[in-house]
Amino acid sequence: MSEPSKPQGRKFQLPEHLKEYKGIWVIVEQERGSVHSVSWELVGEARKLADKLGVEVGAVVLGADSPELNAICGDAFTYGADVVYKVTDPVLADYRTDPYTRVMTDVVNTYKPEIVLLGATTLGRDLAGAIATTLATGLTADCTELDIYMDNRSLAATRPTFGGTLLCTIQTLAYRPQMATVRPRVMSMPDRDDSRTGRVVEVFPALREDDVITKVLSFIADREQNEAQLAFADIIVAGGKGLGKPENLKLVFDLAKVLGGEVGVTRPLVQAGWTGFDRQVGQTGKTVRPKLYIAAGISGAIQHRVGMEKSDLILAINTDPNAPIFDFAHLGLVGDALTILPALTDAFGKRLSVNRLAG
Amino acid sequence: MHIVVCIKQVPDSAQIRIHPVTNTIMRQGVPAIINPFDLFSLEEALRIKDKVGARVTVLTMGPPMAETSLRKALSLGADDAVLLTDRKFAGSDTLATSYALTSAIKKLSEEETVDLVFCGKQTVDGDTAQVGPGIATRLGFQQLTYITKIESIDQGAREIVVHRRSEGGVQVLKTALPCMITMLEGTNTIRFGKMDDMFRAARYGLKTWNKDTTGAEETKVGLKGSPTVVSKVFVPKPRAQKATMVEAEAPTAEAQAAAAVEAIFGAQPKLADELLARAAAGL
Ligand SMILES: Cc1cc2nc3c(=O)[nH]c(=O)nc-3n(C[C@H](O)[C@H](O)[C@H](O)COP(=O)(O)OP(=O)(O)OC[C@H]3O[C@@H](n4cnc5c(N)ncnc54)[C@H](O)[C@@H]3O)c2cc1C
Ligand SMILES: Cc1cc2nc3c(=O)[nH]c(=O)nc-3n(C[C@H](O)[C@H](O)[C@H](O)COP(=O)(O)OP(=O)(O)OC[C@H]3O[C@@H](n4cnc5c(N)ncnc54)[C@H](O)[C@@H]3O)c2cc1C
């Protein structure tokens with residue numbers, strides 16, 4: 001895709017002094033030593049864009065110095081970074097907006113990247129909004145596609161709005177850096193190349209804990225809780241209002257159990273108190289991208305659709321052959337979910353146990 | 001304590017239709033509502049008011065018709081309302097929007113110091129989640145996004161303890177007022193307004209401010225003050241194909257299920273292998 005960008009004009013011309021901004025950065029999101037996979041997806045994407053522009057990929061790794069952090073810096077090279085900006089300070093051990101924003105603002109002003117990418121996660125969206133404000137530059141939210149318009153070497157960031165009913169392409173032409181947050185699991189995970197290495201630029205910001213007003217009292221990890229982990233599930237069995245009554249949700253749980261998957265639901269079920277909000281899939285719930293999504297008794301309203309349409313394979317079960325979900329599901333089954341769900345549980349159970357006996 | 005709640009009037013996204021020829025949004029007849037995420041924040045502000053006492057001011061930037069959203073917020077129990085409206089604000093991106101809103105919050109602070117600003121997590125139209133962080137940064141307030149619970153608030157010590165959702169867990173944070181908070185959806189249930197608040201809301205004389213009232217600089221608002229340029233708006237390509245219907249030999253649930261399993265395994269051989277391997281390993 002190489003479309004002409006906007007006509008020349010005041011806001012469309014890059015001022016001379018901003019032309020020295022070069023290179024594409026990804027702010028690597030790590031929490032307690034583990035990296036969010038969106039960061040590596042973005043390093044892979046940055047690699048492609050940087051090769052188009054003929055510039056370097058920089059990965060910014062922030063945190064308290066530790067062996068885990070060093071390992072993360074190494075990983076950044078294997079996924080495609082040329083330079084790692086390793087920013088360490090004890091104050092950066094836990095994410096807090098204020099010290100992270102101060103440090104990132106300084107680092108950007110010092111090394112002048114032309115593009116800065118972050119994951120559209122709770123951390124990335126929190127940090128990006130703050131940094132774009134201190135840098136007084138543009139920020140495109142929650143993108144699903146990135147490209148370079150070669151005629152003026154600008155970033156074209158495409159994103160959904162109005163709950164996914166529209167897409168728009170946004171550019172930041174007269175300001176630097178160009179910033180964007182990108183949804184997890186939209187860009188593909190790059191292959192590792194363990195032979196790759198690169199430069200490390202160490203940055204010691206010399207922060208003082210006393211200067212930071214917000215304190216982390218404790219951290220309650222999800223694995224210590226009973227929350228549904230939909231975002232990373234490979235298989236999701238989801239139920240909607242077509243299940244009729246709360247007891248029938250058990251049929252969905254049974255099938256999910258046989259498949260080793262998670263249970264998702266539509267919003268009306270959460271609102272009616274059938275299950276907790278942590279299982280809601282959709283615009284105001286979770287965005288998921290499993291390998292298999294089985295939707296039982298779900299009509300396929302746009303607000304649900306945007307949360308699950310990126311699934312690799314969608315099977316929809318609905319009594320109404322004209323239900324909108326059949327317009328975008330891959331496989332459709334017209335029938336009563338209340339009888340088909342238990343039958344599926346049986347069928348999968350048999351299929352999988354036969355194999356176990358054979359193996 | 002003075003709390004400002006920023007609310008945005010948005011088209012009811014459930015009823016948005018796209019014009020088939022021009023690919024633009026058809027707003028005619030689409031009801032406008034308060035951005036649903038803002039209601040969780042408004043509710044939390046009202047709970048603080050109930051618990052420790054506070055004046056709650058609602059603020060919106062938008063066209064004159066956004067007044068209805070402010071009246072709705074008043075009917076739920078907000079004390080005061082400001083409509084920030086000016087043609088010069090049209091076309092503002094989030095950098096310019098947060099600047100304009102901040103100019104109004106600063107003006108409100110001259111009357112009575114603002115201790116807390118609430119924003120919605122994000123809107124259902126623009127959907128960026130950037131305005132709250134922009135306001136916090138401009139005001140120099142502590143920024144607390146994706147809050148699931150306000151654990152305690154101590155007016156004397158000016159301290160607040162909150163639970164914040166992160167990707168892998170929940171951070172318990174303690175910070176000082178003033179701060180900017182966005183509540184996560186589903187964290188509270190929005191109240192019904194009381195009868196006398198409803199009457200008061202209908203009669204209430206709103207403050208209507210423009211660029212000059214708040215002293216916002218012209219170069220920082222509207223299209224001029226917005227670094228981002230929308231270069232293209234388009235409707236997502238519909239998936240070319242409808243679902244392939246699973247055909248069973250007999251119309252029984254068993255036959256349909258068996259056919260569905262074959263269809264799934266046929267379409268996703270890798271997934272089938274993984275499932276079978278996992279089953280074989282006894283997982
Ligand atoms: C601002 C906003 C945000 C929203 N956010 C979300 C969100 O995040 N997630 C979300 O899911 N929704 C969301 N919604 C709600 C959304 O618009 C729909 O109302 C919702 O997705 C519909 O849920 P459903 O498909 O379960 O129910 P329905 O639309 O009532 O559909 C039920 C379906 O079940 C079928 N059916 C009935 N009986 C059977 C049976 N025995 N077997 C099989 N099929 C049967 C029916 O044919 C029908 O298609 C939001 C709405 C708004 C306004
Ligand atoms: C198709 C399209 C795409 C866009 N994409 C971008 C983009 O990627 N980047 C960008 O910078 N701008 C973008 N914009 C512009 C952006 O939508 C506007 O700046 C908008 O006024 C504020 O952003 P939001 O709706 O995303 O708010 P969010 O940041 O999602 O809102 C968060 C909260 O801030 C408060 N708030 C927001 N707006 C107001 C208001 N007017 N009055 C009172 N409180 C408010 C509310 O509490 C709200 O819940 C886009 C606009 C369109 C039409």
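I take a crossing as right-handed if the near helix is turned clockwise from the far one by less than a right angle, and as left-handed if anticlockwise.

Entry one. I note that this is a predicted model. I looked up two helix pairs in chain B, starting with α3(B) and α4(B).

Entry two. Helix α3 of chain B covers residues 94-111, and helix α4 of chain B covers residues 131-139. I find that their axes come within 8 Å and cross at roughly 50°.

I looked up which residues meet here. From α3(B) I list Thr94(B), Leu95(B), Thr97(B), Ser98(B), Tyr99(B), Leu101(B), Thr102(B), Ile105(B) and Lys106(B). On the α4(B) side they meet Val131(B), Gly134(B), Ile135(B), Arg138(B) and Leu139(B). Sorted by class, the contact of α3(B) with α4(B) has seven nonpolar, five polar and two charged residues.

I turned to helix α2 of chain B, residues 67-76, and helix α5 of chain B, residues 195-203. Their axes come within 7 Å and cross at roughly 150°. That angle is over 145, so I record α2(B) as roughly antiparallel to α5(B). The crossing of α2(B) and α5(B) is right-handed.

Entry five. In this contact α2(B) supplies Arg71(B), Leu74(B), Ser75(B) and Leu76(B). From α5(B) I list Asp197(B), Met198(B), Arg200(B), Ala201(B), Ala202(B) and Arg203(B). I count the contact of α2(B) with α5(B) as five nonpolar, one polar and four charged residues.

Key
Residues are numbered from 1 along each chain as its sequence is written. Chains are lettered from A and ligands numbered from 1 in the order in which they are written. This is a predicted model: local features need pLDDT of at least 70, side-chain atom pairs count only at pLDDT 80 or more; totals for chains, interfaces and linings use all residues. Side-chain values use heavy atoms; hydrogens and water are left out. Axes are lines fitted to C-alpha atoms, for helices over the stretch in contact, and angles run from 0 to 180 degrees between N-to-C directions. Helices (H or I, at least four residues) and strands (E, at least two) are DSSP runs, numbered from the N terminus. Contact means heavy atoms within 4.5 Å. Ala, Val, Leu, Ile, Met, Phe, Trp, Tyr, Cys and Pro count as nonpolar, Asp, Glu, Lys and Arg as charged, and the others, Gly among them, as polar. Angles under 35 degrees count as roughly parallel, over 145 as roughly antiparallel, 65 to 115 as roughly perpendicular and the rest as oblique.
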